[in-house]
Each structure stands twice: as structure tokens, then as C-alpha cells.
Amino acid sequence: MLQVLLSGLTVGTIYGLVAMAFAIVFYVTKVINFATGQLLMVSILLVSGLVKLGLPDWLGIVTGLVAATVLGVATYFIAVRPVLRFDRFSFAWLVSTLGVAIVIQATFALIYGPASQPFPRGLHAIPVRLGPATLTVQEIVTLAVGLLAIVGWHLVRRYTLLGKLGKAISTDPEIASTVGANVTAFAVGAFAIGGFLAGLAGILVGPITYGNPYLGDTYGIFGFIALMIGGIQRPAAAMGGGLVLGVLSIAANTYIGAQASDWFPFVLVLLVLLLTPNGVFASGDQLRRLFRTRRAYQQGVNA
Amino acid sequence: MTGMLRRHSWIGALVLLAAFIAGTWGVAKSGFGIQSIVTVAAIYVILAVSLDLVAGTVGLYSLGHAGLFAIGAYGTSLLNRYLDLDVFLLLPIVIVAAGLVGAMLGALSLRVSGLYFAITTFIFTIIVYVVLSNSSWTFGLQGTTGPIFPAFPVATGAVLGRSVVWAVAAVVLIAIVISWSIRASAFYPVLLAVRDAEPYARANGVRSSLVKVGIFALSAGMAGMAGWAFSFLVYQSPGTFGWVASVNLLVMVIIGGMNTRLGPILGAVLVSVFPFVVKIDPFWQEVVFGVVFVAVIVFFPRGLVGLGDLIAGWVRRAIARRAPADATEPPEAGAASGAPTPDPEGDPVVPAEGDALAARGIRFSYVPGVPVLQDVDMVVRRGTIHGLIGPNGSGKSTLVNLISGELRAQVGTIELNGARVERLSSPTRPAHGLMRTFQSAVLVREIPVLENTTVGLYSTVKHIAGRSIVWPLLPGARRDYRAMRERSAAALGSVGLEPSWHPALVRDVPHGVEQLTQLASSIVSEPSVLILDEPLAGLSGAEIAHVADILHRLKARGVTIIVIEHQTRFIFDHCDDVTVIAAGELVTSGPAAEVRTNDRVREVYLGQ
Amino acid sequence: MKRIIPGAVALAAATALALTGCAGDGGGGGEGGEIVVGGIAGTTGAYGAVGVAVINGTQMAVDEINAAGGIDGRQIKFVWDDDAADATKSSQLFQQFVSEGAVAILGSPDTGPTTAALGDQMQIPVLGAVDDGGLTVYPNGPDEPPFAWTFSTSLNTFAWGAKIADWAIANCPGGLAMLHDPTTYGLGGLAGFQMSLDAAGKDFVYVESITENWGSGATVNLDAEIQKIVDSGADCVEVWLTPGDEAAFMQEIASLGLDDLVVLGNDVTNADATFVDLAGPEGDGMISALLTSDVYPNERLQEWQQKYRDLFDGLEPGPFAELSYDAVYILKQVIEDADGATDPESIRAGLNALTDFDGLTGSLSFTEQIHTTINKEQLTMVQWSFDSKKWEPIE
């Protein structure tokens, strides 16, 4: 039971970090960066590649994180800014960020070949017994990073302009710019944080999943699903969605059957969505909402 | 002139059809290789067109289309295999099955909108995928071959080629005809209004929920139809129907050009044919594929259609340079303040008997325990202009939304022309003679002023939705649309909008024109009661005088008008009666002159 | 509407013209000209290395034969493409190659069920690396007839399953557990195990199906499964999963201190270096089976392997390249035996009668009932030694 919970939380933290990377970008720009999973892959493969060349692990890790961050920002300038300047409300970014994802993935496949590369085991080789459960040091670090990410985001949201103005910028850049906010700088900041979190998730999951140019697909999908579960409006809730997905998957594997994680979390999420249409963690007043007689959009009429 | 154009469009359609048949024949007579590329691309054309129908026109970004597609494909294969059903019988079966699933999915996710609609349908696709890959009766991950499509008799086959190509062509044609018909129908502006301006659509009698479910079911049926044809073409395995396929479909629509005739077709062809045309090293091929995605959308954010428009623009300019045409002058901004054209002669709409509207004892709250309106009464005499005023947050808009059915009161009665309506939803109001406008003009920005106005006639013309899928083929429907446009043009004229404004897109017109367009669409169906929610917001002095003039002319025709305004001078100058509410309670109601001198009104509202 | 008509009409008309121009192509390759052979393999995706090996091995054989004068004086034209492990694309490629006149389709190691089924439907011989034999070739199980048009020279899940099971029956007194993926690949391995277990009157103590990420290479969390295997009391576990998951499994049990658990692999575990690279020191002790010809390579194979490395920039050869190379020479022999006839029926008849073909992968035969060349008698049990960096024979 404890093992299920801990394993689930560890796996879920990875999904949650990717989901937060999605959500922070969305928070400021109202864009879902579909290349987020590929940024995770970039950090993993760079570590694999550099360590193979004989560089120390820490240098590989720093390079991986920097590369993911830089590529995140590059995605903004190449694929997002041009389409948003044309029409803030179009969905063109879906195609352009997906295009960037394909380019990153295919380029890394060209360079590294399609097969998986080893990743330094590092802290993952050291087991720690916690009562009836066993975790590795790497997994404990993962849990700690997840906690840090939530706390860190809370601080950013409370005490920085990015956090405070994020919502305002996404709703109306013109209003934001009248209060002196440089919209581009905020968007760059969001994409950088997104890239960094995805890269961080990569470093944490690397010893478990190894380096493969196509990894972005799998982790991008799980991160996206976690985002859906948690609700897209609040990055901290996205982390919550990841934890829920992780624990539910492991619990389904343990108590229902090995393939139950293919469907169980989704069926549960579907039910939850139909009850609370804005995501599990979207707002605290979901129960109150249930008792309301009118639908939310009609308040818009009244506004 | 119009007759000639119409004949031309018929000729054009016939030529297009002939070219389509010739193309089909060419493919049917060619080799397997070309057939497999063209027919699979054609299937994706159907899917992209069907997705654009929900995503582009009603704004429902479905990620469920891969699952619906699977229902069509696996439904055909498995029913044929296990029950030995005839493939032609299976076509209607899978269309209806996918359509029903779509309707259920739509109804289930109605309360979740926008992004969460996408998520619900996304999970639907995942569940379909899991069922397909984990069940032995679907042959699991291994997949299955589909039925073999019956060949033509030998003699026919010698002329026509491979039969399945014709079958694919037929379903593609059906999908395109349906989609293009809807785009040419009077239903199209209505759908866009449901997407962009739902309250406006509902106030015009559109049952928007039903429309959304209906369109999604239609789109789902088309996806099922695509699956039917697909089952004859290639080996089926669950991987083809995963959620990635759903995202790919959305990519096809966006890269081609969303909410356009040709966009989804071009996008589907580009994405599905690309790997067979660009035959290079597979790794490089993927790189190029991704670069093409980014480049197309960055340089042409409207998609390939944007590229087409650009080229068409060059060509047109090149032609225009050679032979300068009698280009029509673009309408000048502010033309709205020109002299209003005379009213179309019309009889008074309703006999002037009794009260037009009576709301009594209205109580309402969004959150239990926090009342927004408490025991408010408002009675509007027929044929009068009735002002409704109150400070910000006093509950005016809530009261209007209760009257127009957007909201439902917890306690109280509302009588409209003698009929009790408090339990009926807003789309029923036009039938009781009520129309309304909204504070900030809510119109569809990407279609012309005239088309926006036709939405106001939705409740007066029968079977617009039902006929839309074959609209251009029905002489009656075309006649109706013509009549709707004529009445709309007259209504626009009656609010003083010159004909030069009628073809202008709403996103290009000044605010005043937008307000007047909304006014026109609310009077085009000749309602007996009209509610105007802050009709003067953002208007210039001349424009305000113009609106006042229109209101008095409407009143002269017997229309009862309720005006919500902040500009108290306007209210007291032009209204017969005035109702004042503050903090959710009735302050006073009565003839304007009396209300104006009421002490409490001066105190709470006029601040004197 | 009016604006788009001229363009659309022009487009449609041009398409129609272009297509009617090439109407009537397709069908078998004409006598006397090139012999077209189609190749389908997944060369991209996480396990694209297998597809690359298949294409390389085939290309090598084709180039050799052409350099030596072709088949009965006719050159081979090898047309191939990446199927991206996608059934739709594989189907389209199949039809495309057939209409280009392909006399046989080689592959696919990634969409075997597709090529095998289409071979039957279109009556075109399918040869070479058709997935990993097993259930892909015998869709209704090992006791039922195979696809009539599919002839696999590929590694055979039935053979590996049965061979490894035989070893486990003799060496795992505490019981045998199995994790397998749910595709025909994993189910084929399961069927192979079941054959040997049934013959010995035994059964698994625990068996479970695991959804894998063949496309992305991401590993699957197996914590819950490891616990259940330990609870089952098994002393051996067959991990019939991707090389990545096998490596992760070995490392996970090392972390948990489950050093006594004997881990068994599958045919892909040692088909290339993916598993041993990923598993590192923790991969030591993994047991699987290998083609005897690869365990004790004869002079001819050694020379061939050196030639392969030279041709492909030092790329390590493996069984998938070898068996694809064999497939082309089998096709050559069959066509030559039929006096140059390349119609599908002649090739199929020739393949059904293939006896003791001397290939890199051993002595290969087909019959009407047996459409896989590799059986368990051609395999040797091996164990990975991290110290010697070799798969050491353990029989």
C-alpha cells in the first residue's frame, strides 16, 4: 500500500512536472506547447551523449537543462510569436509547436540514431528502505523536486510580476502593456520556465527510461493527460493532476491488472470531468458549483 | 444580373462534378499504388471536412474523431466478418452508429465546453483505442483485414476500373456536398453565431445545445462513413485510430485553413500524401515534414488557403492592372449617421390590448443566500418605450436575462403578450414576439453585416437546420434565403445602414455600425416586444439621435420597447414609463415624469 | 464558390489526365526485365535499428547478386520504404510495390500482421523478416496452418519461447513467471512457452500482459509486477518485453536486492546491443537463446560480418541483417529453380518446396505446413557475461 503510493507519487511527479511545463506556458500565453515532451527528451539525450563522450555527469546535466530551456525559448520565437502576432485567438500554434516537436525529434534521431542510449544510473542505484517500501535516492529526490516546483511556482505567482500579471497578459496583452508589462519578456519567461521544468523532468526520469529520441511522445502524452486531469488554468493543479495520474496508474496495475493503467485513470477522469467540468483541482468550490442552478457561461451574459 | 450569376454557379458546379468524376475514373483505372495513396488521402479528406464542420463552424474542437472513425471501420469489418452483413447495408448502419455515439458524446459533454469538450472527446478516443487493442474479438493489437468490396461485373469493370475507388469517391462527394451546402445555407451564419455569440443566437430562437449536438452527430456520422470506406482499403490495427490520429486530423484542418471550403481538403491531402511524394531518407523526411508544418503556419497563419488567397490576389491585381475594373468604392466610416431610409411599410404587429410584458414577484440568486433580485415587479404597457435604470450591480441585466430566458427565476411569474414564459428557455422567446440585443454587440466578426442580420429571422423560417445539408439543391431553400436577405437588407435600411455596408465583414466596420446591425437583426423578424440592453454604449451624439429616431418609428408601428441605459437624459427624454431598481429591489415604476421627481430616485440614482 | 472553380477544375483535370496516362500499370513484373522486390520495414521509431538491419542485409544481398550478373541475367530492383510501424502506411506501401511489379515483398519486422494478411489477400509472396515469425505467420496458433503466402526467415517467437521454456523447466524448480507484451510478438512467445510447458505437464506460477512503448522506447513502471512475481514464489521470470524494459527490469531487481531471481529474455534481447548497453553491469546473468550459427560463427559468417561492418560504417551485424540476406538468396534460388518464372504462384510453389537451403542462419527449409525457417533445434541457450562482454553458451 505504501509502496503503491510512493511509486505512484514518484511516477506522478514526472508527469506533473511536464504538466506544469505545459500549464505555465499556457498560463501566460494561452498556448499549449506540444514540443514540451521533446524538451524532456533533449535533456535526457544530451546527458546520455555527453557522458558517453567522457564528460562528467554534472556537466551533462547542466548542459541538458540549459538546452531544454533555450529550446523552449526558441520554440516561442520560431513557432509561437509569429502566429500569435497574426491572430491571438487562432489555433495555429497547435500546428507550429507540433511541427517543432517533429523537427526536434527527427533531428535527434538523425544524430543519435533511433535506439535507446544508456543514462548514468547515479542516485538511482542507491536503494532506501522506508518501512515496508523501497525507493531509490533518485526517486526521493524526484519527490522533493516536485514539492519544490509547487512551492517555487507559488512564490513566483505571489511575488513576481510574471505571476501576478500572467493572467492579465493572457486575457488582454494591450491592458497588460498599458501597465508597463513587456508582454514578450513574460512569454519568454514562461517558455523558459516550461523548458526548464521539462528538462528537469528528463534528468529525473533518465535513469529509469534511458535516452531515446522518441521519448517525447510518451512523456508528452502523460504530461498532457495530467494537465487535463488537473485543469489547465493553474500550474500547481497540473502537478496535482500528475500525482493523481501516477498513483491511479500504479494502483490500477497493482489491484486490477497490469494493463488496467491503460484505461482505469481515463475512465475515472471522464467521470470526474462530467461532475466537475473544470478539472479536479480547478477550484475549491466545485461542490458549491454542483448546487448552483445555472451554468457558468450564463454569468457571462450578466457581466 | 443575379440570375446570370446563379446560372454561372450552376455551370461551375457541373464542371466541378464532371472533373471530379473524370478524376475518379482516372484513379479507378490506375495501378494499386496510386489508388492506395489517393483513396487513403480521400478518407482523410472526409475526416478533415467532418472535423472542420464541428471545429471550424461551431467551435467544438473534437479529439474524438479517431474514435468515431474507428467505429465506422471496425464496425464494418467486424459486422461483416461475424454476421456476414452486406457491405452496402453496413454503410447506413455504421453512419447511424457513429452518429448516435457522437450525439451521446455531445450531449454528455454539453455542460463542459471549449477545452473540456476537447478533453472529453480525447478520453473517448483513448477508451476506444484500449477496447480495440485489448479485446480478442477485435483481434487486439494484431488488427484485421476488412471486407473485400464487391467488384464491378467484368464488362463494367473494364470501362470503369476498380469499384472501391468509385465507392470512396461517392462518400467523399457526399461529405463535401454536405459541408459545402451547409456553408452556403442560411444555417451557416446561425452556426457561427452559436460559436461566437451563443446568447445572441439563443435570443434569436436558436436552441444552441441541440444545434451543437446535432452538428456533432452529423460530423460523427461522416467520420463513421469515412471508416466504412477505409475498411476496404487497408489493414486495420488500433494504432491507426489512436488519439494521435485525432490530433493529426486537427492539424490537417488548421494547416489547410480552418472554416474554409478547400482548407480541410488541402490539409488532408498534404499530410497524408507527403511521405509518398517526398521520398528521401526517412529521418530526413521527418525533419522536412516538421519544417513544412512550421513554415506553412508561420508564413500563412490561415493555412494553405491563405497561400492560395495570396496567389489569387496577385493574379487579380495583375489582371486589374491590365483592365481597370469598375471597382466599388469601399464604404466610408460613419456612413451610419446618414439620413435613415424610410421604413418598410408594415402593419402594427400585435393588437394594442393589455400589457406587453409583466414580470411579477421576481426573486433570483446565483448562490443560495445571496439574492440578486428580491420581489421585483415590472409591467410594460403595450406600445410604449419603457426605460429600466439602476446603478451598476443593481440587477438590471439580471432582470433582462430573466425576461429573455437566459436565466430562470427561482420565484415569480413572467407574462409575455399574455403567455406565461418564466419556465421556458430563451430560444422560445422569439415565438412569443420577444427579441433582444446585448450590451456589447455580439455578432459574428468574420461574416458580413447582412448575413449577421439574417440570424434574426431564424425562428421565422421553417426547417433551416434540416434543409441545410442539401440547401443549394432545394429551390425552395434558395428562395427562402433570398427572401431572408431581402428582409434583412430592408431592416438594415430601416436602421439607416446604406447598402454599401451590407457586404462588409463585421470585424471591419466601426462600432456604431455594429450596434445598428444588432438592432437590425433584432427587429428584422418584427417582434412585438424589443429589449435593448445599453444600445447607446460607445455611440456619438449624432448616432444617439439616430437611434432615438429609430425607436420612435418602431413605437409608431406598435412595437413595445424596453431600454436599459445609463444615460438618464435619454431615458427621461424618450421613455413613456420608467422602472428603477437598486440593490436588487424595486425603487419605483411609473410614467417618466413621475419617476423623475421621485425623491428616492433622485437620492439613490440621480445622486441629487 | 466561383473563385475556386477554375483552379479546382484545372487540378482535377490534370490529375485525371496524369492518372489515365499511367492506367493499366501494375501486375507482375514482365519477363526479361528487372525483377522488382519490395521491402517494408520500420527504420524510424525507438526500435528502428531492427528495420535498418533488415534493409541493410537485403541491400547487401541484392548488390552482390546484381554485381554477379543478377538472377538468370536479370537485375534485381529493390524498392523499399519506412512503414513507421504503421499499418496504414504499410498497407499503402504494399499496394504501391505490387503495382510497381514487385514479385515478392520482404518484411516487415514492424507490421508483420499487415504484410502477412495482405500477402494472402493479394496473393503475393511475403518473405524474410515478417515480424518475429510465430503468431504472425500462424495467426490461429502453432497447430493451425500458416498464412499460405507468408514465408518467414525471421527469428521465430515459437522457437525462442519453446527453447527457453525447455531450459526453465529443467532449471527453475521454484516455478516460472512471465511478463509479455500484448502484440502478436509477445503472444507468440507465450505460445512457444505454452508448447513446452504443456508437453512437460507444467504451468506458469504467474503470467501477465504488459502494454509496451515500442514506438517511443519509454520504459514501463514494473514495480507492481516485480512484487507480484516475488509473491508468486517464482525463481525464474521470463521478461518478454522490449530490450529497454528488460534492462530496466534487471536494474530494478538489482536495486531491490533480488539477486537470486533468474531473468530470461527473448529473441530481441541479443539481436543487437540495445539491451546490454542499457542494462550495464546489472544486465549480467541475463539468459536467452541465440542462433547456434551466431554463437559459433563459421568462417563464412565471420567473413560476411566483416564485410557488413565495412559496408555500413562499422555498424554491428546481427541476426536480422543475416536472415534478410538469406531471404534474398532464397528468392534467387527459387526463381532459378523455376527457370526464371517470377509469377507469384511459381514463387510460392518454389518456397513451399525449399529444402536445406544453406544460409547464414543455418540450414533452412519450408513445407506447405511450415512457413518459418528457424526452429528450436537451431538455437543455443546463452547467458550475458558483463565481464567478458559476450553471450556465453550455457549448454
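Q: How do the axes of helix α1 and helix α8 of chain A cross?
A: The axes of α1 (residues 2-29) and α8 (residues 183-209) of chain A come within 8 Å and cross at roughly 175 degrees. Axes are lines fitted to C-alpha atoms, for helices over the stretch in contact, and angles run from 0 to 180 degrees between N-to-C directions. Helices are DSSP runs (H or I, at least four residues), numbered from the N terminus. This is a predicted model: local features need pLDDT of at least 70, side-chain atom pairs count only at pLDDT 80 or more, and totals for chains, interfaces and linings use all residues. Residues are numbered from 1 along each chain as its sequence is written, chains are lettered from A in the order in which they are written, and side-chain values use heavy atoms, without hydrogens and water.

Q: Parallel or antiparallel?
A: α1(A) and α8(A) are therefore roughly antiparallel, as angles over 145 degrees count.

Q: Which residues of α1(A) meet α8(A)?
A: Among them are I14(A), L17(A) and V18(A), and on the α8(A) side, F186(A) and A187(A) are included. Contact means heavy atoms within 4.5 Å.

Q: New topic. How many residues of chain A are in contact with chain B?
A: 52 residues of chain A, with 50 residues of chain B.

Q: What about salt bridges between chain A and chain B?
A: The count is zero. A salt bridge needs a side-chain nitrogen of Lys or Arg within 4 Å of a carboxyl oxygen of Asp or Glu.

Q: Which element gives the most to the side of chain A that touches chain B?
A: α4(A), with 14 residues.

Definitions and conventions. Helices (H or I, at least four residues) and strands (E, at least two) are DSSP runs, numbered from the N terminus. Angles under 35 degrees count as roughly parallel, over 145 as roughly antiparallel, 65 to 115 as roughly perpendicular and the rest as oblique.
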